[in-house]
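Trainee: I have a structure open and would like to talk it through with you. Could we go step by step?

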Amino acid sequence: MSAAPPGITRATLLKDLRLEWRSKDAINSMLFFSLLVVVVFSFSFDPSAEESRQIAGGLIWVAFLFATVVALNQTWARELRNQVLDAYRVSPALPNSLFVAKALGNFVFVSMLEALMTPLFIAFYRLRSLGPTWQLVLVAVLGTWALVVNGTFFAAMSIRTRSREIMLPLLLFPISIPAILSMVQSTTSILNGEGARFWIVLLVSYDLVFTTSCLLLFETVLNAE
Amino acid sequence: MTDNAAVITVTNLIKQFGRFAALRGVTAEFAGGKLYAILGDNGAGKTTLLRTLAGLNHASGGQIKILGATKFHDICDQVGYMAHPSLLYDEMSGMENLAYFAQLYGITDGSRSAEVIRAVGLDPTLARPVGQYSQGMRQRMSLARALLNDPKILLLDEPFSNVDLHSASDMVHLLAGLRDQGKTIFVVTHQASLLENAADEFVWMEFGKIAARTRDLKRLESAQ
């Protein structure tokens, strides 16, 4: 595994942010999908404040998980148009620079979505956390990274398959179960004012293990035919 | 290394896609400072040969030596590759595209991108995104991207496709000039006549092999 030079990572990240700013492919799809989930569920249930705290963790993360898949599919789709990925592959730039930039880009997009959707969740479900807010922020950061680091990797794996939109969730969801469980359980615990230390530690460990694994294996994935 | 020494040596190169062999034991030496036109019918293996030389396809067998290296990554900064698709981001301008790719090659000279855009006859100040370019402009911008790192070896796949005759002649003139500077250039094309006076050698591929090599295009055409 070679370290990703910060210059190329930054250039690739800025390029991706610029492309997304101009096309708004990922952000629009993610926002629309998440909004749909919030509105549909708010019409389907009329929970009390106590019930909201019990279900909100699952609801929020399921919405973000599905929205993330939409963003992940877009990430690599733009590299396939005009086969631009080949231009990267023939250059001396290291594969991990591309991976880190893509994962960071997705992290920015999903974080933006979370920042926009969380107030709506709070309003629609009348949420009030009994635990410390900073812990919720920590879980959001760790959980989002868990989703995007694996998601970026598996999206890269599935780009050359014929039905990549189906292939990505098939690969990503099973391997994300420990992370999703930690995200949902820790969010629910914090909202209810209970300790979430175990789940947060599990999430940190998950992030470390899978970030390392993805960095080790990405070159093989990028150069696979 | 003198210009006329072999810069690329291919030995018994085989490339298989599943059960289909696209390259069936290509063996050849290509000298430096020459312009090679790679010709052949569709499916003859021209693009596969170029992609394998560019390190984009893994050889199923045989060996490739480029500038003395057997691993493409060791010399990738000395090779320029232009594919049939543009390898450019449609949403960005030509200058933005090249500025990004320049960073991948560690090119810090900001004027280099503008220089190669001018060299292919385009305007570096054009703010229009590449997606709105004509096919000919896109081809030329793609060539500019391949020239960005001032490569010793240029691998060009169909650079004249959808380019008008006048622009194609300009591109041939540019390529001949680059060859005269000592670059080794491979051009896969179906428009051999464009290169009749510029190419040093015509390489005819058939069924995944090099069937003929000649300096005389007319002789090659009469043999087909």
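Predicted model: local features only at pLDDT ≥ 70, side-chain atom pairs only at ≥ 80, totals over all residues.

Trainee: Leaving aside neighbours within four places in sequence, which residues is B:I38 in contact with?

Mentor: B:I38 is one of the residues of β3(B), a strand with buried residues on both faces. With neighbours within four places in sequence left aside, the contacts of B:I38 are B:K46, B:L49, B:F186, B:V187, B:V188, B:V203 and B:M205.

Trainee: Where does β3(B) sit in the order of the open sheet of six strands?

Mentor: The sheet belongs to chain B and its pairing is mixed. From one strand to the next the twist averages 15°. Reading across the strands, the order is β5-β6-β7-β3-β8-β9, with β3 between β7 and β8.

Trainee: In which sense do β3 and β8 of chain B pair, parallel or antiparallel?

Mentor: Strands of a sheet pair through backbone hydrogen bonds, in either sense. Here β3 (residues 35-40) and β8 (residues 201-206) of chain B are joined over five bridges. Within this pairing B:L39 has B:W204 as its bridge partner, and B:G40 stands opposite B:M205. The sense of the β3(B) and β8(B) pair is parallel.

Trainee: And which residue of β7(B) is the bridge partner of B:L35?

Mentor: Now we turn to the pairing of β3(B) with β7(B), which run parallel and are joined by four bridges. In β7(B), the partner of B:L35 is B:I185.

Trainee: Which strands does helix α6 of chain B touch?

Mentor: Helix α6 (residues 165-180) of chain B packs on the sheet, and its direction makes about 150° with that of β7(B). The strands of chain B that α6 touches are β3, β6 and β7 (184-188).

Trainee: Why is helix α3 of chain B described as largely enclosed?

Mentor: Start with the list of buried residues in α3(B): B:G94, B:N97, B:L98, B:Y100, B:F101, B:A102, B:Q103 and B:L104. These pack against α1 (6-23) and α4 (84-89) of chain A, together with α4 (111-119) and α5 of chain B. The helix counts as largely enclosed by the rest of the structure because the buried share of α3(B) is eight of the eleven residues.

Trainee: In the contact between the chains, which element gives the largest share of the side of chain A that touches chain B?

Mentor: The contact takes 21 residues from chain A and 24 residues from chain B. On the chain A side, α1 and α4 each supply at least two residues. That side divides into nine nonpolar, five polar and seven charged residues. The largest share, eight residues, comes from α1(A).

Trainee: Is A:I27 buried or exposed?

Mentor: A:I27 is placed in helix α2 (residues 25-44) of chain A. Apart from neighbours within four places in sequence, its contacts are A:E20, A:F109 and A:M112. A residue needs 20 or more C-beta neighbours inside 10 Å for this label, and A:I27 has 20, so A:I27 counts as buried.

Trainee: What about B:N162: buried or exposed?

Mentor: B:N162 is found in the loop between β6 and α6 of chain B. Its phi is near 65°, a positive value in a residue other than glycine. Because 12 C-beta neighbours lie inside 10 Å and the cut-off is 12 or fewer, B:N162 counts as exposed.

Notes:
Residues numbered from 1 in each chain as written. Chains lettered and ligands numbered in written order. Contact = placed C-beta atoms within 7 Å. Pairing = 2+ DSSP bridges. Axes fitted to C-alpha atoms, helices over the stretch in contact; angles between N-to-C directions. Nonpolar A, V, L, I, M, F, W, Y, C, P; charged D, E, K, R; others polar.
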